[in-house]
Amino acid sequence: MLLLSILLALIPLAGVAWIVIAKALTSVDGLFMSLILLTLSGVFLLNVVFEMDARGWLAFLHKDKAATSKVPPAAKAG
């Protein structure tokens, strides 16, 4: 699922690159098409981030929460 999401995030970026290369970005059609493609790419990239977080590959983002949740054993008993 991760590789499929990465692929589906890169395809719209290629479409945006094509719009820029074709110099159609300044037209209304090119502008809205690039916004739609960037939104699609962003949704799939967000899915990639959530999938990586679920697999534990982004554990460094949760380092502060893990450090504050550790309570010394003596404090638990009292």
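This is a predicted model: local features need pLDDT of at least 70, side-chain atom pairs count only at pLDDT 80 or more; totals for chains, interfaces and linings use all residues.
Which helix does I11 lie in?

1. I11 lies in helix α1.

2. Overall content. The protein chain holds 4 helices and 0 strands. Read from the N terminus, the order of elements is α-α-α-α.

3. Burial and surface. Of the 78 residues in the protein chain, 15% are buried.

4. Contacts along the sequence. Taking contacts in the protein chain with a separation of 6 or more, 54% are between residues 24 or more positions apart.

5. Helix α2. This helix covers residues 28-54. It has 27 residues, and the distance from its first C-alpha to its last is 39 Å, close to the 39 Å expected at 1.5 Å a residue. Just after α2, G56 has a positive phi of about 85 degrees.

6. Buried positions in α2. The residues G30, S34, L37, S41 and V48 are buried in α2. An α-helix has 3.6 residues a turn, so residues three or four places apart point the same way. The cover over the buried residues of α2 includes α1.

7. S5. This residue sits in helix α1, which spans residues 2-21. S5 counts as buried because its relative accessible area is 3%, and the cut-off for buried is under 20%. Leaving aside residues up to four places away in sequence, S5 touches F44, N47 and V48. One of these, V48, is among the buried residues of α2.

8. V49. Its place is in helix α2. With a relative accessible area of 39%, V49 is partly exposed, because that class lies between the 20% limit for buried and the 50% limit for exposed. The C-alpha atoms of V49 and S5 are separated by 9.9 Å, and the two residues are 44 residues apart along the chain.

9. Nonpolar patch. Which residues make the nonpolar surface patch of about 500 Å²? They are M1, L4, L7, L8 and I11.

Key
Residues are numbered from 1 along each chain as its sequence is written. Side-chain values use heavy atoms; hydrogens and water are left out. Helices (H or I, at least four residues) and strands (E, at least two) are DSSP runs, numbered from the N terminus. Buried means under 20% relative accessible area, exposed over 50%, partly exposed in between (1.4 Å probe, protein chains only). Contact means heavy atoms within 4.5 Å. Patches are made of residues with over 30% relative accessible area and no salt bridge: like charges are joined within 9 Å, nonpolar side chains (Val, Leu, Ile, Met, Phe, Trp, Tyr) within 5 Å. Accessible areas come from the Shrake-Rupley method with a 1.4 Å probe; for residues, only the protein chains shown count as cover. A salt bridge is a side-chain nitrogen of Lys or Arg within 4 Å of a carboxyl oxygen of Asp or Glu. The expected span of a helix is 1.5 Å times one less than its number of residues.
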